[in-house]
Amino acid sequence: MNLTDYKEIRALLEKHGFRFSKSLGQNFLTAAWVPEDIAEAAGLDEQTGVLEIGPGVGCLTRELSRRAGKVVSVELDRSLRPVLAETLTGCENVEVVFGDILKQDLPALLDETMPGLRHVVCANLPYNVTTPVLTALLESGLFETVTVMIQREVARRICAALNTPDYGAFGVFVQWHAETELLFDVPPSCFVPQPKVTSSVIRLTRRAAPPVPVRDEDFLFRIVRAAFNQRRKTLINALASQVPGVTKEDVEKALAALGYDTRIRGEVLSLGGFAEISDKIPEIQNADL
Ligand code: SAM
């Protein structure tokens, strides 16, 4: 069966009484080159265990199965159970887990299903949960790479360079945890139903260590979020108005001590810049005690 042939998919789905759900981000691929290229970009081999999120009818799952040691696919929509039972027949190294990816105990899942392998993620992500899913995957620190298709707009934000309109808090968070690559675009015509926007495939490669040392990561990300939450404001005003316990004077002194113009906005700061400011503010506060 050709799992990217629309006629075949439609017949299969009709046979099992399946209905597309918009709220589950169900846009299935109907161009064979796309799952092939995504699976190829994930860099798989026999020693790799792949976590897939949302197999749908299983077109990407089958490509992953051909290339990896083991594939574990987590699918929220239980009505796809009989469909996947049919389409994944013969894929001995695939295990489908029905449930919400956001509710999985990821370390336990990998231990139970793919022990002894190196772990990566490869998926055509449901767009409505892109941010929480990527956050959970990166914070888990369990995956060497995460190769995913997401909305182009979000992909651009994730991979954005500083001082560009796309640079923001989520991009800084992702780049803190991983090196980012924007690989290729996929037009709406490659899906059924067609989404309104273009998609992009990105690859995130886990960093062995944070890009720069920082004393308190939670404080760093509080600063980053505050800086971009009010990105038109100067950093001094954005932080003083949103980070409890931080005054304009603290930020001003920290910026001056580090040699920054005190009128800067967050969007001009690199990861290293945010890190040194997040270390310097408590230092200034302690010195003032
Ligand atoms: N992999 C298929 C493809 O490329 O054609 C389907 C991708 S479709 C964009 C997203 C899939 O994720 C759907 O099958 C949907 O049911 C599933 N899904 C949505 N939310 C989910 C969640 N929270 N956990 C697991 N799967 C989810």
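This is a predicted model: local features need pLDDT of at least 70, side-chain atom pairs count only at pLDDT 80 or more; totals for chains, interfaces and linings use all residues.
Local features need pLDDT of at least 70, side-chain atom pairs count only at pLDDT 80 or more, and totals for chains, interfaces and linings use all residues. Residues are numbered from 1 along each chain as its sequence is written, and side-chain values use heavy atoms, with hydrogens and water left out.

Me: Why is Phe18 called buried?
Reply: Buried means under 20% relative accessible area, exposed over 50%, partly exposed in between (1.4 Å probe, protein chains only). Phe18 has 9%, so Phe18 is buried.

Me: What makes Phe20 partly exposed?
Reply: Its relative accessibility is 36%, so Phe20 falls in between.

Me: Why is the pair of Phe18 and Phe20 called edge-to-face?
Reply: Rings of Phe, Tyr and Trp (its six-membered ring) pair if their centres lie within 6.5 Å; planes under 30 degrees apart count as stacked, over 60 as edge-to-face and the rest as tilted. Here the centres are 5.3 Å apart and the planes are at 80°, so the pair is edge-to-face.

Me: How do you know that α8 is roughly antiparallel to α9?
Reply: The axes of α8 (residues 169-177) and α9 (residues 217-229) cross at roughly 150°. Angles under 35 degrees count as roughly parallel, over 145 as roughly antiparallel, 65 to 115 as roughly perpendicular and the rest as oblique. Therefore α8 is roughly antiparallel to α9.

Me: What puts the buried residues of α6 on the same side?
Reply: They are Thr130, Val133, Leu134, Leu137 and Leu138. They cover an arc of only 125° around the axis, so they lie on the same side of α6.

Key
Helices (H or I, at least four residues) and strands (E, at least two) are DSSP runs, numbered from the N terminus. The arc is that of the directions from the helix axis to the C-beta atoms. Axes are lines fitted to C-alpha atoms, for helices over the stretch in contact, and angles run from 0 to 180 degrees between N-to-C directions.
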